[in-house]
Amino acid sequence: MKGNQTISMFEPPNPGARLYIGLGIFILSFFMLPTGIFLQRFAFHHSLKHIIVGVFWLTAPLLKLIGVGILGKPSYLYIKSFFRHRLVSVIKPYHASRLRYNIGLVLFCLPLIPTYVMAYAPKFFAENFTLRLILNISFDLIFIASLFVLGGDFWDKLKALFSFSAKVSFPEENKTGK
């Protein structure tokens, strides 16, 4: 790099092959233990099974360290800026329309109904554990989706719930009664 060139921390350059090799090794490390457990089924001797699982169990953290070492600081800064850019574009505050806000409020409150019914009158829902689990997961997903439907202004309102010094400010209504 020449003396007059600077690297912005907000838009660092792509490190190239170093990034892809390091990420590949790091991701591969998560598959080492399941691979060892799978391969141990094909070993006939009991001690050989332990050796196979032990080798794969020890190589997983070593591969993580090697992957992080290959990635280095330039790759870390690149990945960090990549995800920060994506996160800001998703959560950026914006004003939702009245219809979208009302739909979001319905989605926000809808999961409360089956939660209270399951808590206080469980006989109204099936005894099947799988069906109950699917219902709970579905309503949790509806609740999470409602946070995105409500828009960025709602994120600020939700954030203000957890701030002791936050104050409510209502827009001035027309005094003429219109």
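Which residues does Ile52 touch, not counting residues up to four places away in sequence? To find out, select Ile52 in the viewer and display its surroundings. Ile52 touches Gly36, Leu39, Gln40 and Ala43. Please bear in mind throughout this tour that the model is predicted.

**The whole chain**

Begin by showing the protein chain as a cartoon. The chain contains seven helices and zero strands, and its pattern along the sequence reads α-α-α-α-α-α-α. Next, colour the chain by confidence. The mean pLDDT is 81, and 86% of the residues reach 70 or more. Helix H7 (residues 152-161) has the lowest confidence, with a mean of 76, whereas H1 has the highest, at 91.

Now switch to a surface display. The protein chain exposes about 14400 Å², and 71% of this area is supplied by carbon and sulfur atoms. Of the 178 residues, 17% count as buried. Contacts can also be examined by their separation in sequence: among those between residues at least 6 apart, 70% join residues at least 24 apart.

**The largest nonpolar core**

Return to Ile52 and select it together with Ile25, Met32, Ala43, Phe56, Ala60 and Leu63. These seven residues form the largest nonpolar core. Helix H3 (residues 46-91) gives the most to this core, with four residues. Two of the core members, Ile52 and Ala43, are also in the list of contacts with which the tour began.

**Ser29, in helix H1**

Select Ser29, which is placed in helix H1 (residues 17-29). Is Ser29 buried or exposed? Ser29 counts as buried because its relative accessibility is 1%, and the cut-off for buried is under 20%.

**Phe38, in helix H2**

Move to Phe38, in helix H2 (residues 32-39). Phe38 has a relative accessible area of 48% and is therefore partly exposed. Select Val53 as well and draw a distance between the two C-alpha atoms. The residues are 15 apart along the chain, and these atoms are separated by 9.0 Å.

Next, select Val106, which lies in helix H4 (residues 98-109). Val106 counts as exposed because its relative accessibility is 53%, and exposed means over 50%. Val106 and Ile142 are 36 residues apart in sequence, and the distance in space is 10.0 Å, C-alpha to C-alpha.

Keep Ile142 selected; its place is in helix H6. With a relative accessible area of 27%, Ile142 is partly exposed. Which residues are in contact with Ile142, leaving aside its neighbours within four places in sequence? They are Leu107, Leu110 and Pro111. For Pro111, a C-alpha distance may also be drawn: Ile142 and Pro111 are 31 residues apart along the chain, with 7.2 Å between these atoms.

Leu133 counts as partly exposed because its relative accessibility is 39%.

Definitions and conventions. Residues numbered from 1 in each chain as written. Predicted model: local features only at pLDDT ≥ 70, side-chain atom pairs only at ≥ 80, totals over all residues. Heavy atoms only, no water. Helix = DSSP H or I, 4+ residues; strand = E, 2+ residues; numbered from the N terminus. Buried < 20%, exposed > 50% of the residue type's maximum accessible area, 1.4 Å probe, protein only. Contact = heavy atoms within 4.5 Å. Areas by Shrake-Rupley, 256 points an atom, 1.4 Å probe, with all protein chains shown as cover. Core = buried A, V, L, I, M, F, W, Y, C linked by side-chain atoms within 4.5 Å. pLDDT = per-residue confidence, 0-100.
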